[in-house]
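Trainee: I would like to go through a structure step by step. Please show it to me first.

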Amino acid sequence: MSEPIIRVSCVKHTYPDRTEVHICGLDFVVEKGQRVVVLGPNGCGKSTLLFHVLGLLEPREGDVSVFGVNPARHFNRIRERVGVLMQDVDEQIIAPTVWDDVSFSPRSYGYDAAEVDRMVERALERVGIAHLRHKVCHYLSGGERRKVALAGALVLEPELLVLDEPFQGLDPASRADLVGLLNQLHRLHGVTLVIATHDVNIVKAMADAVYVLAGRGEIVAQGTPDDVFRDAARLKQSNVEPPVLAELFQRLEQMGVSLGRPLAVEEAARVLWEWGSRGARGVAAPPTRAPAEGAPPVAPARPSAPPSSSSQPTLPLERSTTTGEDE
Ligand SMILES: Nc1ncnc2c1ncn2[C@@H]1O[C@H](COP(=O)(O)OP(=O)(O)O)[C@@H](O)[C@H]1O
Ligand SMILES: [Mg+2]
């Protein structure tokens with residue numbers, strides 16, 4: 001297997017006011033072409049981890065390697081390979097108009113005017129904002145400004161894109177739009193994605209691997225979304241609210257009904273439908289009370305007969321906010 005793009009091993013950082021963040025436990029490793037989500041509550045150290053990856057912070061202890069170099073010392077060697085979308089895009093957008101802003105990097109790298117034009121148009125088109133090229137950034141919506149910053153991050157065609165809370169403050173449609181866009185960048189252009197978020201509901205839509213941070217940076221879990229969400233109770237202990245479906249199916253398992261861990265509404269509906277249909281043919285009902293936690297009684301609703309092919313079952317499920325899954 002080739003060397004990972006990123007490896008962070010037990011980094012310890014002390015901020016000037018002596019706040020200590022220890023990103024330890026498991027190593028943080030990103031392989032080429034992966035979509036990695038860093039999940040954790042506010043203040044757990046997600047941004048601190050990304051700042052180390054971007055060489056903006058240097059650890060007091062521990063090792064950081066990005067494309068084989070220490071980014072705090074040699075970021076200039078890898079800067080064209082790394083695109084960044086910061087949490088506060090208004091700090092990132094520096095020029096008055098969209099074109100000025102997106103063209104900033106290629107102009108400062110000395111590309112000739114025709115090449116700059118070509119690069120900017122390609123980035124704007126990739127992000128779907130070619131129509132905004134002459135707009136004043138200040139007057140754009142929050143979602144549009146985030147796309148401008150994203151176009152600026154993509155203009156040099158980086159292999160790695162690092163995004164800090166990219167979905168924060170976006171309405172559901174803009175969020176779904178951005179999830180779809182990032183997945184497309186990954187699928188069509190092979191961009192490796194590292195995304196810090198506290199939003200568990202995007203994970204299923206766009207993560208190959210998830211790292212869960214808790215406390216002051218401790219990496220408490222790592223794996224595929226299915227692996228990580230298998231133990232919803234443990235996530236809660238780490239102050240990460242698990243997706244409602246992960247919690248529901250863990251509770252069902254405690255009640256003696258093992259249906260796996262579907263994280264998408266469609267899959268959950270299918271699994272419950274099949275289980276309900278089997279139950280109607282004589283499978284014993286589970287206990288109505290979770291054994292350990294003394295949860296309130298849950299009466300499992302099952303269709304009394306297999307549903308007709310023309311009707312859809314009504315399931316007592318809250319609609320998941322998972323959005324934009326394009327795969
Ligand atoms: N510049 C700073 N000075 C002092 N403390 C900071 C600074 N930046 C972050 N911290 C602290 O470090 C911890 C981790 O912060 P951060 O990495 O921003 O967490 P997250 O991105 O997960 O919300 C928090 O306790 C935060 O208050
Ligand atoms: Mg943060």
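Trainee: Is the crossing of H6 and H7 left-handed or right-handed?
Mentor: Keep in mind that this is a predicted model. Helix H6 (residues 113-127) packs against helix H7 (residues 142-154) at an angle of about 130°, and their axes are 9 Å apart. That angle makes H6 oblique to H7. The crossing of the two, H6 and H7, is right-handed.

Trainee: Is glutamate 157 buried, exposed or partly exposed?
Mentor: A residue is buried if 20 or more other C-beta atoms lie within 10 Å of its own, and exposed if 12 or fewer do. Glutamate 157 has 14 other C-beta atoms within 10 Å. It therefore counts as partly exposed.

Trainee: How is arginine 18 classed, buried or exposed?
Mentor: Strand S1 (residues 6-14) and strand S2 (residues 20-23) pair in the antiparallel sense over four bridges, and they form a hairpin with five residues between them. Arginine 18 is placed in the loop between S1 and S2 and has a positive phi of about 75° although it is not a glycine. With 6 other C-beta atoms within 10 Å, arginine 18 is exposed.

Trainee: What is the bridge partner of histidine 13 in S2?
Mentor: The pairing of S1 with S2 is antiparallel. Within S2, the partner of histidine 13 is valine 21.

Trainee: Which strands stand at the edges of the open sheet of six strands?
Mentor: The order in this sheet is S6-S7-S8-S4-S9-S10, and its pairing is mixed. An edge strand has a single partner strand, so one side of it is left without a neighbour in the sheet. The strands at the edges are S6 (82-85) and S10 (218-223).

Trainee: How many residues of strand S8 are buried?
Mentor: S8 is joined to S4 by five bridges and to S7 by five bridges, and the strands S7 and S8 run parallel. On one side of S8, Thr192, Val194 and Ala196 are buried, as are Leu193, Ile195 and Thr197 on the other. Strand S8 (residues 192-197) is largely enclosed by the rest of the structure, because the number of its residues that are buried is six of the six.

Trainee: Which residue in S8 is the bridge partner of leucine 39?
Mentor: The strands S4 and S8 run parallel. The partner of leucine 39 in S8 is threonine 197.

Trainee: Which helix gives the largest share of the shell around ligand 1?
Mentor: The residues around ligand 1 include Gly45, Lys46, Ser47 and Thr48. The shell divides into three nonpolar, seven polar and two charged residues. Its largest share, three residues, comes from helix H1 (residues 46-53).

Trainee: How many of the eight residues of H1 are buried?
Mentor: The buried residues of H1 include Lys46 and Thr48, and both of these also belong to the surroundings of ligand 1. Leu49, Leu50, Phe51, His52 and Val53 are buried too. H1 is mostly covered, and the count of buried residues is seven.

Terms used. Residues numbered from 1 in each chain as written. Chains lettered and ligands numbered in written order. Predicted model: local features only at pLDDT ≥ 70, side-chain atom pairs only at ≥ 80, totals over all residues. Pairing = 2+ DSSP bridges. Near = placed C-beta within 6 Å. Nonpolar A, V, L, I, M, F, W, Y, C, P; charged D, E, K, R; others polar. Axes fitted to C-alpha atoms, helices over the stretch in contact; angles between N-to-C directions. Parallel < 35°, antiparallel > 145°, perpendicular 65-115°, else oblique. Left-handed = near helix turned anticlockwise from the far one by under 90°.
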